[in-house]
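Subject: Structure handover

Hello,

Here is the structure I said I would pass on. My notes on it follow below the entry.

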Amino acid sequence: MMHCLQGRSSFLSFPKLRSIFWRLHHTTASRACSCSKTVSDEKYQDPFKLGRKDLKNLYEDIKKELLVCTAELREMCEYYFDGRGKAFRPMIVVLMARACNIHYNNSREVQASQRSVAIITEMIHTASLVHDDVIDEANSRRGKMTVNQIWGERKAVLAGDFILSAASLALARIGNTNIVSVLTQVIEDLVRGEFLQLGSKENENERFAHYLEKTFKKTASLIANSCKAVSILGCPDPKVHEIAYQYGKNVGIAFQLIDDVLDFTSCADQMGKPTAADLKLGLATGPVLFACRQFPEINAMIMRRFSLPGDVERAWEYVLQSDGVQQTNYLAQRYCHEAMKEISKLRPSPERDALIQLTEMVLTRDK
């Protein structure tokens, strides 16, 4: 598994990207790459164990929100809420809620409204997965057939819509217009992000900025705005709201960058066959964009979305011959380092430290 590989930074060939990260952080490359070790040297509690209490009966409570009289629609809506996942996003939300509550008035309890945000976050995320599977014509998700494969595309779209509507009703019940505004921004970002993914840019610098914007809107916005929402409910200080938002944003982008790396480094089966799912969908992710510096011939493939016979295989080989995976890992490390810097501004607590620990888990995950 090609994780956290060291090497000379090739993102310096992207002037605008370099400027972004110079403003983002002024530390040296070696310090950024050692952030994982720094975290490992400390004794932190497992974030999932720490958040387990507040996530108990999470999926049962979500199913209570899906009040459907039609058996088929209920089965479709509940299909992905099977409790098999790690509930990564709700876990971040409840840990952030506790960390902000402790920072403000030393309260260790998660408010009912804050837990509702965790539920809504998972519902919005799952609805987006249902819709993504339709757009991508995917046939598997989390080791089982997709909703669109079983019930068809039309019904799958309606199921995703219904989950979103149920999430909206749960959001309205919180009774805070500020929270409604923050979380509805997520839905707008998801749609805009999907449109960004359908397009591409000819200019190299614009293409990478396009990729990062798409990554934020499709993945990081949900985490960033959910963290901001629970901070607003738990603490009146706008500075804390910004800390929560920036932590979620940076962790979310890093999470997707590693996801894009795993598309090249993980295997679809025990025979070692690479997935290359993004390439097959015509998507140029971080490893591909970094590889373009060493193999400019990839640019033509990107513009035609790897549609010609042999494009996917050739692009795959170019990425593995380049330092694209290495540099995408390095980029994820930079984002995680920034997330650590932000969350460290809160008062020390087990929950705050668990959120720091989480940045290492994002970097070292293998699925």
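Two rings of Phe, Tyr or Trp, the last taken by its six-membered ring, are treated as a pair if their centres lie within 6.5 Å. By this rule the count for the structure is 8 aromatic pairs. Please keep in mind that this is a predicted model.

Aromatic rings

Pairs of rings join Tyr79, Tyr80 and Trp151 into a cluster.

Tyrosine 59 itself is part of helix 5, which covers residues 58-65. Is tyrosine 59 buried or exposed? Its relative accessible area is 13%, so it counts as buried, the cut-off for that class being under 20%. If neighbours within four places in sequence are left aside, the contacts of tyrosine 59 are Phe81, Gly83, Gly85, Ala87 and Glu122.

Charges over rings

- Lysine 228 lies over the face of tyrosine 245, at 5.8 Å from the ring centre.
- Arginine 365 has its charged end over the ring of phenylalanine 255, and the distance to the centre of that ring is 3.8 Å.

Cavities

Helix 12 provides the largest share, with 4 residues. Sorted by residue type, the lining of the largest cavity has 6 nonpolar, 6 polar and 4 charged residues.

A lysine in helix 12

Helix 12 is also the place of lysine 217. Lysine 217 has a relative accessibility of 15% and therefore counts as buried, again by the cut-off of under 20%. With neighbours within four places in sequence left out, lysine 217 is in contact with Asp189, Leu190, Arg192, Gly193 and Leu196.

Regards

Terms used. Residues are numbered from 1 along each chain as its sequence is written. This is a predicted model: local features need pLDDT of at least 70, side-chain atom pairs count only at pLDDT 80 or more; totals for chains, interfaces and linings use all residues. Side-chain values use heavy atoms; hydrogens and water are left out. Rings of Phe, Tyr and Trp (its six-membered ring) pair if their centres lie within 6.5 Å; planes under 30 degrees apart count as stacked, over 60 as edge-to-face and the rest as tilted. A charge sits over a ring if NZ of Lys or CZ of Arg is within 6 Å of the ring centre and within 35 degrees of the ring normal. Helices (H or I, at least four residues) and strands (E, at least two) are DSSP runs, numbered from the N terminus. Ala, Val, Leu, Ile, Met, Phe, Trp, Tyr, Cys and Pro count as nonpolar, Asp, Glu, Lys and Arg as charged, and the others, Gly among them, as polar. Buried means under 20% relative accessible area, exposed over 50%, partly exposed in between (1.4 Å probe, protein chains only). Contact means heavy atoms within 4.5 Å.
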